[in-house]
Amino acid sequence: MSLPNEPQLIDRVRTGDKQAYRMLVDHYKSYAFTIALKILNQRGEAEEAAQDAFIKAYQYLHTFKGDSKFSTWLYRIVFNTAVSYKRKQKVVFTEIESRTLSLTHEGEHTLEQEDKHRYVAKALKQLNEADQLAVQLFYLQEFSLEEVAGIMQQPVNTVKVRIHRARQRLANELTLLLKKEALTL
Amino acid sequence: MNSSLDEKMMDYLDGLLPAEERAQLERELLTSPRLRERLEMFRLLAQTFSKQSVQQPSKDFTESVLSDLNRKRLSAGFSPRNGFLLFVGVVVAVLVVSFFLGNGFYGDQLNIATKELALPQLKQSIPAFNVNSNLIINGILIVASAISFVVLDRTVLKPLFQKRMHQF
């Protein structure tokens with residue numbers, strides 16, 4: 001969600017007001033960090049990438065013309081920065097199950113629920129990285145299909161197909177996994 | 001499972017299905033256990049993903065960004081556009097030098113200079129040695145050409161292919 005006085009804040013940042021930028025960073029840092037984390041699967045690197053993205057956004061703010069939402073423009077920078085960090089990553093130490101799909105388990109610590117999360121995470125791992133990201137951003141509920149497309153710099157129809165295909169594949173994988181699990185019981 | 005039926009079920013769960021199609025799908029669900037099982041899979045996905053939490057960065061995140069705003073000035077570096085311009089520049093330079101070399105321009109100049117500067121006393125004090133200037137210039141041209149291709153690869157081709165790979 002955008003800040004109510006966002007255009008004014010952006011104008012103030014353009015005149016060198018760092019306190020105005022502090023408000024923008026505070027408002028968008030969680031989603032920026034979450035996007036970077038979903039791409040990098042590593043908290044330290046994700047934080048560094050998100051910080052770099054905010055610095056780039058500050059330095060290139062004069063290029064923001066307001067054609068898209070500020071958040072979409074900013075998250076696109078986060079996306080590109082995290083992808084360039086990803087290319088530099090030599091070894092991925094963390095497993096996707098424990099990082100990519102971070103879930104809250106408020107009030108539902110049942111074994112069944114844990115199992116469901118595990119299966120979904122396992123199924124998610126079968127998708128390519130772009131499909132994983134598209135479907136996760138879509139389900140984050142903060143982003144519309146158009147915004148996911150804007151962040152990933154792909155046509156809306158491409159992202160729509162990507163998400164549709166990802167959900168289908170996830171459903172197929174889940175069915176297989178659950179059937180397999182049922183046979184071993 | 002039929003792809004359009006899958007799409008209908010996804011739209012159903014997302015609340016995007018028109019009332020008429022919704023009613024029809026609900027009727028089909030009553031009679032088809034296979035369809036119900038499939039819908040349950042999509043529902044399970046939606047439920048699980050909807051519990052994704054937005055992650056919080058460290059407490060000093062904002063301070064780190066603000067303190068680095070001026071210190072960490074990011075250089076423009078080699079953009080694909082800059083890389084392409086540099087590549088064109090090197091290629092033009094190579095072609096110009098090749099043209100002059102092909103017309104014997106450098107060879108003549110070197111001969112004249114040698115003739116004019118080579119004093120008899122100097123000839124005696126300096127030991128004789130042969131330097132093939134054409135060979136040196138050819139070598140420089142080859143190195144320049146190689147550099148231009150490396151520049152093209154690093155700044156234009158590699159980023160382009162990496163971007164395309166990322167887009168699948």
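**Salt bridges and the A–B interface**

A search of the whole structure finds 13 salt bridges over all chains. This is a predicted model, in which local features need pLDDT of at least 70 and side-chain atom pairs count only at pLDDT 80 or more, while totals for chains, interfaces and linings use all residues. Residues are numbered from 1 along each chain as its sequence is written, chains are lettered from A and ligands numbered from 1 in the order in which they are written, and side-chain values use heavy atoms, with hydrogens and water left out.

Q: What elements does chain A have?
A: Helices (H or I, at least four residues) and strands (E, at least two) are DSSP runs, numbered from the N terminus. Chain A has 9 helices and 0 strands.

Q: How many residues of chain A touch chain B?
A: Contact means heavy atoms within 4.5 Å. In this model 56 residues of chain A are in contact with 41 residues of chain B.

Q: What area is buried between chain A and chain B?
A: Buried area is the accessible area (1.4 Å probe) that two parts lose on being put together, summed over both. Here the figure is about 4700 Å², with carbon and sulfur atoms giving 61%.

Q: Which salt bridge side chains meet between Glu63(B) and chain A?
A: A salt bridge is a side-chain nitrogen of Lys or Arg within 4 Å of a carboxyl oxygen of Asp or Glu. The count between chain A and chain B is 2. In one of them, Glu63(B) meets Arg22(A) at 2.4 Å, N to O. Glu63(B) lies in helix H4 (residues 61-71) of chain B and Arg22(A) in helix H2 of chain A, so the pair joins two chains.

Q: Which helix supplies the largest share of the side of chain A that touches chain B?
A: That share, 12 residues, comes from H2(A).

Q: Is Asp131(A) buried or exposed?
A: Buried means under 20% relative accessible area, exposed over 50%, partly exposed in between (1.4 Å probe, protein chains only). Asp131(A) is buried at 3%, whereas its salt-bridge partner Arg165(A) is partly exposed at 37%. The closest N and O atoms of this pair are 3.0 Å apart. Arg165(A) lies in helix H9 and Asp131(A) in helix H7, so the pair ties together parts that are 34 residues apart in sequence. Salt bridges that share partners join Asp131(A), Arg162(A) and Arg165(A) into one network.
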